[in-house]
Amino acid sequence: MRSKILSILKNADDYVSGEDISRKLGISRAAVWKHIKKLKSDGYEIISVTNKGYKLAAVPDAISKNVIGLSLNTEVIARNIIYTEETDSTNEDAKRHSSEAHGTLFISELQNAGKGRLGRSWESPKGSGICMSLLLKPDILPQDISQITLIAGIAVCRAVGHGAKIKWPNDIVLGARKVCGILTEMSAEINRVNYVVCGIGINVNTSGFPKELEDRACSIFTETGARTPRNELIASVMNEFEPLYESFINNGFASAADEYRRLCLTLGKDVRVISHKETVTGTAVDIDNEGGLIVRTSAGTMSISSGEVSVRGIYGYV
Ligand code: BTN
């Protein structure tokens with residue numbers, strides 16, 4: 001009921017009377033008032049004026065399970081949320097609590113040892129970004145797990161909007177700089193996955209970056225000038241992720257491959273691929289149905305499933 005009241009207030013340009021809300025939702029005015037009180041205690045700034053009604057002035061930005069829940073329309077994903085004010089890394093939280101249910105979401109307001117890909121670190125100032133990790137228990141083969149990262153990338157792009165694109169495999173880019181990184185880890189045996197942790201870090205309202213990152217990193221705020229309510233963005237990523245994940249589990253990556261191709265800014269560009277064996281240069285021409293990057297080089301066409309890929313013109317490779 002509270003999410004319905006919230007959506008009425010969000011869609012109104014001006015005050016909405018308690019009577020209007022009670023009529024629309026078929027509840028008493030006293031019940032409306034009780035829900036408004038609860039919304040206020042969750043941090044929503046709602047102005048109430050006698051004879052005018054209620055007006056939503058601001059949505060809370062401190063991360064809150066209740067507030068996320070109001071915008072969540074998933075069945076399983078993020079139905080269990082474990083929030084900490086500070087942690088080392090939400091990926092580590094998920095691993096420590098791997099007995100929790102499939103779909104559990106770990107979120108922290110501050111990571112003091114956030115991890116990036118390839119052994120790098122991930123920094124996100126308190127109160128401005130999103131650091132979260134999903135615990136998943138898919139019944140698929142370990143070699144297909146990296147495709148979950150690609151699916152998560154699509155979900156983030158849809159939720160972030162503003163023309164967000166993917167630098168293969170899983171950097172989310174706004175303009176020409178990185179706004180989000182995804183780190184997927186797993187515990188598996190040769191033929192069986194125990195669990196997967198899909199960690200997502202989004203720079204949301206961060207207002208600036210250290211000099212050495214300025215050319216490579218951005219936030220939704222630095223790109224658009226607008227502040228994004230983090231709780232709603234978290235819910236929106238989860239809402240987008242669930243159906244993509246379901247269809248991936250049932251039909252494989254092919255079900256999302258076309259959308260991934262459309263979002264992938266790497267395609268058609270000159271790339272430099274650095275793997276543990278060698279560095280090759282060529283042109284990225286396609287994404288195969290397993291999520292691999294097809295690169296045309298002078299020595300022929302190759303499919304790359306992992307490694308560091310620099311894209312000419314996108315942070316770093318000129
Ligand atoms: C990258 O290098 O691009 C991946 C960055 C992943 C960062 C996220 S923040 C939430 C989760 N917890 C971590 O320690 N890392 C991931």
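This is a predicted model: local features need pLDDT of at least 70, side-chain atom pairs count only at pLDDT 80 or more; totals for chains, interfaces and linings use all residues.

Biologist: Which backbone oxygen does the side chain of Asn170 reach?

Modeller: Residues are numbered from 1 along each chain as its sequence is written, and side-chain values use heavy atoms, with hydrogens and water left out. A polar contact is a pair of N or O atoms within 3.5 Å; within protein, one must be able to donate a hydrogen and the other to accept it, and residues adjacent in sequence count only if both atoms are side-chain atoms. Here the side chain of Asn170 reaches the backbone oxygen of Ile182 at 3.3 Å.

Biologist: Is Asn170 buried or exposed?

Modeller: Buried means under 20% relative accessible area, exposed over 50%, and partly exposed in between (1.4 Å probe, protein chains only). Asn170 has a relative accessible area of 5%, so it is buried. Asn170 belongs to the loop between E6 and E7. Helices (H or I, at least four residues) and strands (E, at least two) are DSSP runs, numbered from the N terminus.

Biologist: Which residues does a cis peptide bond join?

Modeller: As a general idea, most residues other than glycine have a negative phi, and most peptide bonds are trans. In this model, the cis bond joins Trp168 and Pro169, with omega about 0°. Pro169 lies in the loop between strand E6 (165–167) and strand E7 (171–174).

Biologist: What is the phi of Asn51, and what is that of His162?

Modeller: Asn51, which is not a glycine, has a positive phi near 70°. The phi of His162, also positive in a residue that is not a glycine, is about 50°. Asn51 is in the loop between strand E1 (45–49) and strand E2 (53–58), while His162 is in the loop between H6 and E6. Asn51 counts as exposed because its relative accessibility is 81%; His162 is exposed, with a relative accessible area of 55%.

Biologist: With which side chain does Thr149 make a polar contact?

Modeller: The partner is the side chain of Thr184, at 2.8 Å. Thr149 is part of helix H6 (residues 146–160), and its relative accessibility is 5%, so Thr149 counts as buried.

Biologist: How many residues surround the ligand?

Modeller: A residue is near a molecule if one of its heavy atoms lies within 4 Å of it. In this case 20 residues surround the ligand, and the closest are Ser89, Gln111, Lys115, Arg117 and Lys178. Helix H5 (90–96), strand E5 (129–136), strand E8 (177–189) and strand E9 (192–203) each supply at least two residues of this shell. The largest share, four residues, comes from E8.

Biologist: Which polar side-chain atom lies 2.5 Å from an oxygen atom of the ligand?

Modeller: That atom belongs to Lys178. An oxygen atom of the ligand is also 2.7 Å from a backbone N or O atom of Lys115.
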